[in-house]
Amino acid sequence: MLSRIARPTSCLLSRSFSTTQQNNSNVAVLGASGGIGQPLSLLLKLSPFVTRLNLYDINHTPGVAADLSHISTKAKVKGFLGPEQLDDCLQGAEVVLIPAGVPRKPGMTRDDLFNTNASIVRDLVRAVAKNCPKAMICVITNPVNSTVPIASEVMKQEGVYDPKRIFGVTTLDAVRASTFIAEAKDLPVKSVSLPIIGGHSGVTIVPLISQCTPTVSFPQKQREELSYRIQNAGTEVVEAKAGAGSATLSMAYAAAKFAENLMEAMGGAIGKIECAYVRSDETDATYFATPVELNENGIKANLGIGTLIEYEKKLLSDAMEELKGNIKKGEDFVNANK
Ligand code: NAD
Ligand code: LMR
């Protein structure tokens, strides 16, 4: 297990990359003018793996695209505004990143976003099904525990479902966990990685500190405090932003890291591993985040949950009811609103 989690080797982070693989991806960002969408689009514009970067939103994309297009990197940037331009945006897209939708304010759960964001994700994914059904779909919009099942049900309805190509982007949980553990142990942060399994909200986020690379040990109280902080780090940001939204910059970093590893794997790089919330048979929740190995078809292999210590088994057990409820809610939403 220790070697399963990808080191942060993406180009964005290290600026050292191999060009031996074919890395020329056409990428679309849906929700590109938002708090995540703009910095994510900037990071993708800086990526050597992106050839075409199409930016879609219901607001401001002409300006965002014009601004980014002046940066002297290879990706060709184009803006698409409003539903009438969505189909054009998605033509030929190989990777679609979806941060469209509203963020939390203090006092809200991610599930409180369902009523607004469910239909946004449903409609955007229906357009993906129609225009670029083979694209890798990377869902950032919350509640991820439900929006990934929504995306999957839409693809099923449209007859183009491939579970290997739909990802809930939970990379931020792993990014945070590495940061917090590196701080606690005074380790170089780039050397620290650990799997975060389950879902992406509160108790459904299950950090596996026992599987950290390098091996770290903590007194039980500190292990519990760290696990709690990882589970509630999104709320930490929501409260600090005091009504101005949730994590955007760290999320853009995390999504770009995920997308770069995915694009590298699509180009033939081997051994690219990320935790992601995917269709799963690992537990009795039908969607579940685990480390997955990526290749040109999306998920090459689900690397599973590994061996858990007793405390982590308890965290996992505490996650299951909420996670299964979130999944059912997403599936029911699509199937009740055909
Ligand atoms: P934001 O409000 O700053 O931006 C959202 C953008 O979506 C806006 O530009 C808006 O115009 C656009 N949008 C709304 N409806 C749309 C539609 N139908 N089609 C296209 N674009 C549309 O919000 P944000 O801070 O960027 O957060 C976006 C989402 O990401 C939220 O749901 C938030 O909870 C989620 N999020 C997820 C993670 C994660 O780890 N997966 C982390 C942080 C935030
Ligand atoms: C996060 O983890 O930062 C995101 O899911 C946003 C949120 O609402 O906390």
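Okay, some ground rules before we start. Since this is a predicted model, local features need pLDDT of at least 70 and side-chain atom pairs count only at pLDDT 80 or more, while totals for chains, interfaces and linings use all residues. Residues are numbered from 1 along each chain as its sequence is written, chains are lettered from A and ligands numbered from 1 in the order in which they are written, and side-chain values use heavy atoms, with hydrogens and water left out.

Let's begin with ligand 1. How many residues surround ligand 1? There are 28, and the closest are Gly35, Ile36, Asp57, Val102 and Asn142. To be counted there, a residue needs a heavy atom within 4 Å of the molecule.

Now, which elements do those residues come from? Strand 2 (50–57) and helix 5 (114–131) each supply at least two residues of the shell around ligand 1. Helix 5 gives the most, with 3 residues. By the way, helices (H or I, at least four residues) and strands (E, at least two) are DSSP runs, numbered from the N terminus.

Next, the polar contacts, meaning pairs of N or O atoms within 3.5 Å; within protein, one must be able to donate a hydrogen and the other to accept it, and residues adjacent in sequence count only if both atoms are side-chain atoms. For ligand 1, a backbone N or O atom of Gly34 is 3.2 Å from one of the ligand's oxygen atoms. Asn117 uses its side chain instead: a polar atom there lies 3.2 Å from an oxygen atom of ligand 1. And a polar backbone atom of Val169 is 3.1 Å from a nitrogen atom of ligand 1. On its own, ligand 1 has 870 Å² of accessible area, and the protein covers 86% of that. Those areas come from the Shrake-Rupley method with a 1.4 Å probe; for residues, only the protein chains shown count as cover.

On to ligand 2. Which residues are around ligand 2? They are Arg104, Arg110, Asn142, Leu172, Arg176, His200, Gly234, Ser246 and Ala247.

A cis peptide bond joins Asn142 to Pro143, with omega about 0°. Pro143 is in the loop between strand 5 (136–139) and helix 6 (144–157). Another cis bond runs from Thr213 to Pro214, where omega is near -5°; Pro214 belongs to the loop between strand 8 (205–207) and helix 8 (220–231).

Then there are positive phi values. Asp186 is not a glycine, yet its phi is about 55°. Asp186 lies between helix 7 (171–185) and strand 7 (196–198), in the loop, and it is exposed at 72% relative accessibility. Exposed means over 50% relative accessible area, buried under 20%, and partly exposed in between (1.4 Å probe, protein chains only). Ala242 has a positive phi near 50°, and Ala242 is exposed as well, at 60%.

Last stop, the cysteines. How many disulfides does a search of the whole structure find? It finds 0 (a disulfide is a pair of cysteine sulfur atoms within 2.5 Å). For Cys138, the nearest cysteine sulfur is that of Cys132, 11 Å away, and Cys138 is buried at 0% relative accessibility. Cys275 is buried too, at 5%.
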